Amino acid sequence: MSRTRPTTHRRCLCALLAAFALGTHHPVWAEDGPGTKPAAPLVLAGEDDWPPYSAAEKPGADTQRPPVGFSVDLIRAALATQGVQVQIVTVPFSRCMLYAKTGQVAGCFNATITDDNRNDYVWHQPAMFEEELSIFGRADDKSPEMRLSDLRGKRVAYTNGYTYPSEFMHDARIQKFSAVSDAALIRMLLSKRVDYILLNRTPAWLRIDNTPEFRGQLRRTGLISMDGFWVAFSKQHPQGERLAQQFSQGLAQMRKDGSYQRLVDEFRRRVRYR
């Protein structure tokens with residue numbers, strides 16, 4: 001796995017923001033009040049490889065183009081109820097969280113709240129959505145419904161840079177291995193380098209169904225947790241806390257008027273949710 005120095009990350013993001021300002025992308029600026037000067041560009045970062053929630057429009061697509069997926073649609077809709085628009089850049093998830101933590105963007109999605117990151121970001125309420133963190137094994141695995149304790153003594157792989165429950169990450173009795181992507185994770189399982197892998201249920205089935213070499217080769221064998229997913233708003237960005245409040249208000253309004261459930265129902269029909 002290649003590593004990129006943080007200074008390169010900063011130069012990369014600065015180039016994106018400059019492109020917004022000078023090109024056809026026009027950043028939306030938050031103001032402190034009437035007649036005041038613009039404060040900071042409202043830019044969120046979305047991960048590039050987690051369909052159907054957030055993914056680059058095409059593999060290797062220009063990161064100046066926003067990601068596509070349910071999270072993107074929901075974020076825009078919730079903020080629109082508050083009269084707020086944002087620009088969204090597409091980056092790998094670990095970089096996404098770094099940008100939010102250091103204030104280079106106003107927030108990053110899709111994040112779960114763990115003991116390790118709870119105090120690093122501003123968290124809105126309620127969560128955007130819930131998604132199951134599932135245990136997957138090979139198709140010939142006959143294990144009954146598994147839980148976290150059943151992974152002790154097993155070789156278990158997860159995707160590097162993603163957020164996982166602290167109970168899993170800190171359990172020394174589980175032999176842990178990491179992969180650079182969910183696709184690489186599945187290949188590790190199928191090559192028998194590990195016994196089980198952790199994947200979120202909806203993204204996992206979508207990836208399996210859409211990849212011929214994976215189709216019919218895996219079985220969901222259990223459940224780790226049902227997790228909420230959030231925009232991790234930045235404590236360091238001048239508009240991070242305010243935007244978190246506006247997003248909370250937008251989500252509450254959408255849940256009240258029924259537009260949230262309509263968006264969820266349409267999404268689940270589209271991805272053949274199961």
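Q: Where is the place of Pro 52, and between which strands?
A: Pro 52 sits in the loop that runs between strand E4 (49-50) and strand E5 (54-55). Helices (H or I, at least four residues) and strands (E, at least two) are DSSP runs, numbered from the N terminus. The model is predicted: local features need pLDDT of at least 70, side-chain atom pairs count only at pLDDT 80 or more, and totals for chains, interfaces and linings use all residues. Residues are numbered from 1 along each chain as its sequence is written, and side-chain values use heavy atoms, with hydrogens and water left out.

Q: What is the omega of the cis peptide bond that joins Pro 51 and Pro 52?
A: The omega of this cis bond is about 10 degrees. A cis peptide bond also leads from Phe 109 to Asn 110, with omega near 10 degrees. Asn 110 belongs to strand E7 (residues 107-111).

Q: Why does Lys 192 count as exposed?
A: Its relative accessibility is 53%, and exposed means over 50% relative accessible area (buried is under 20%, partly exposed in between; 1.4 Å probe, protein chains only). Lys 192 therefore counts as exposed. The residue lies in the loop between helix H5 (182-190) and strand E12 (196-200), and its phi is positive, near 65 degrees, although Lys 192 is not a glycine.

Q: What makes Arg 272 exposed?
A: The relative accessible area of Arg 272 is 57%, and the cut-off for exposed is over 50%. Arg 272 is found in the segment after helix H8 (259-271). Its phi is positive at about 55 degrees, in a residue that is not a glycine.

Q: What average pLDDT does the protein chain have?
A: The average is 86, and 83% of the residues score at least 70; pLDDT is the predictor's confidence in each residue, from 0 to 100. Over residues 1-12 the pLDDT is below 50, and this stretch has 11 contacts (heavy atoms within 4.5 Å) beyond near neighbours in sequence. Residues 18-33 also stay under 50, with 37 contacts beyond four places in sequence.

Q: How many residues does helix H7 have, and what length is expected?
A: Helix H7 (residues 240-257) has 18 residues, and the expected span at 1.5 Å a residue is 26 Å. That span is 1.5 Å times one less than the number of residues. From first C-alpha to last, H7 reaches 26 Å, close to the expected value. After H7 comes Gly 258, with a positive phi near 90 degrees.

Q: Which residues of H7 are buried?
A: They are Gly 240, Leu 243, Ala 244, Gln 246, Phe 247, Ser 248, Gly 250, Leu 251 and Met 254. Their cover includes strand E3 (43-47), helix H2 (70-80), strand E8 (121-123), strand E13 (218-234) and H8.

Q: At roughly what angle do the axes of H2 and H8 cross?
A: The axes (lines fitted to C-alpha atoms, for helices over the stretch in contact, with angles from 0 to 180 degrees between N-to-C directions) cross at roughly 165 degrees and come within 11 Å. Angles under 35 degrees count as roughly parallel, over 145 as roughly antiparallel, 65 to 115 as roughly perpendicular and the rest as oblique. H2 and H8 are therefore roughly antiparallel. Phe 70, Asp 73 and Leu 74 of H2 meet H8 residues including Tyr 260 and Phe 267.

Q: At roughly what angle do the axes of H7 and H8 cross?
A: They cross at roughly 80 degrees and come within 4 Å. H7 is therefore roughly perpendicular to H8. Met 254, Arg 255 and Asp 257 in H7 meet Ser 259, Tyr 260, Arg 262 and Leu 263 in H8.
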